[in-house]
Amino acid sequence: HPRIDPVTGEMVLFRYDLGEPYLAWGRVAADGTVTRPLTPIAVDGSHMIHDFVLTPRYVVLFVAPAKFDLQALLTGTGPPLAWHADEPVRIAIVPRDGSAVRWVETEPFWAYHFANGYEDGDTIVVDLSWWKMFALTADPAQAGATARARIDVPAGRVTIDHYDERVSEFPRIDDRLQSQPHRYFTVSGKAPGLGTGTWNVLRRVDTRTGAVAEWDSGSKVFGEVVFAPAVGGAPEQGYYVTFRTDLETLTSDWVVLDAADIGAGPIATVPLPGRVPDGLHGSWFPA
């Protein structure tokens, strides 16, 4: 999950690996020039790290206790990727200027995806889809929420509060606000009884008030929903768009929702001539 700073145009990225260096980060300028080759971050082994957040001063990586074990894979003595619930999440605060990395620890949790990160003074604010633990398969002990983490960098302290206590995934903002303060973000959720990895409810979180608006798509499921800016509109004014597939007919459509009123349902629906398989992520570009 590389991220692009809309102010500088830079693309910042990270890499985790099964061998040393286990973790590294780099930077590419807007013109495609590599301005920081992959730079190692000292860590004690190979961890699954799916996403990160970017702020004006920092690259922020959440190193959760989901660890790879090649020896277990080769010998058949255990899973190649396992959750270690007795270990903390370690957060790497990596200055973009290349100075020393700071580490902050907190209680274990898992996150596949983060909506955004930004700075509030010396505090880093991160909105995310929070999971109690990492699991590749459905687990009755699994629980999820939509959450905000606040990292007090000087104090080395993390607080996490939940906006909503239901599982969610694919958090997204208006991409023009990447690394900058945002008010709204969306997540994909699900109605009770819907299967693992399938989503049919869109939720929009107002981080200023804590209100959560909702649109239930019924038997039509989708993955990540993307924000599309209104032409000439202010930041966060626009639409949400996604492909959907009807679980009953296996036909697909493309829908547009008014970002300011998702509860009203689609303002435009485009039936498609063929089924579009569920995907994880998407982006839309002006034509």
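This is a predicted model: local features need pLDDT of at least 70, side-chain atom pairs count only at pLDDT 80 or more; totals for chains, interfaces and linings use all residues.

Biologist: What is the strand order in the open sheet of 4 strands?
Modeller: The order is β5-β6-β9-β10, and the pairing is antiparallel.

Biologist: Which strands stand at the edges?
Modeller: Those are β5 (53-54) and β10 (102-106), each of which has a single partner strand, so one side of each is left without a neighbour in the sheet.

Biologist: And how many bridges join β6 to β9?
Modeller: Strand β6 (residues 58-63) is joined to the antiparallel strand β9 (residues 89-95) by 6 bridges, and within this pair Tyr58 stands opposite Pro95 of β9.

Biologist: Changing topic, is His182 buried or exposed?
Modeller: His182 counts as buried, because its relative accessibility is 5%, under the 20% cut-off; His182 sits in the loop that lies between β15 (169-172) and β16 (184-189).

Biologist: What does its side chain make polar contacts with?
Modeller: The His182 side chain makes one with the side chain of Asp127 at 2.6 Å and another with the side chain of Asn116 at 3.1 Å. Leaving aside neighbours within four places in sequence, the residues in contact with His182 also include Tyr118, Arg148, Leu177 and Glu236.

Biologist: Which residues form the nonpolar patch on the surface?
Modeller: Leu18, Leu70, Leu73 and Leu74 form that patch, and together they have about 400 Å² of accessible area. Leu18 belongs to the loop between β2 (11-16) and β3 (23-28), and Leu18 counts as partly exposed at 42% relative accessibility.

Conventions. Residues are numbered from 1 along each chain as its sequence is written. Side-chain values use heavy atoms; hydrogens and water are left out. Two strands pair if DSSP finds at least two bridges between them. Helices (H or I, at least four residues) and strands (E, at least two) are DSSP runs, numbered from the N terminus. Buried means under 20% relative accessible area, exposed over 50%, partly exposed in between (1.4 Å probe, protein chains only). A polar contact is a pair of N or O atoms within 3.5 Å; within protein, one must be able to donate a hydrogen and the other to accept it, and residues adjacent in sequence count only if both atoms are side-chain atoms. Contact means heavy atoms within 4.5 Å. Patches are made of residues with over 30% relative accessible area and no salt bridge: like charges are joined within 9 Å, nonpolar side chains (Val, Leu, Ile, Met, Phe, Trp, Tyr) within 5 Å. Accessible areas come from the Shrake-Rupley method with a 1.4 Å probe; for residues, only the protein chains shown count as cover. A salt bridge is a side-chain nitrogen of Lys or Arg within 4 Å of a carboxyl oxygen of Asp or Glu.
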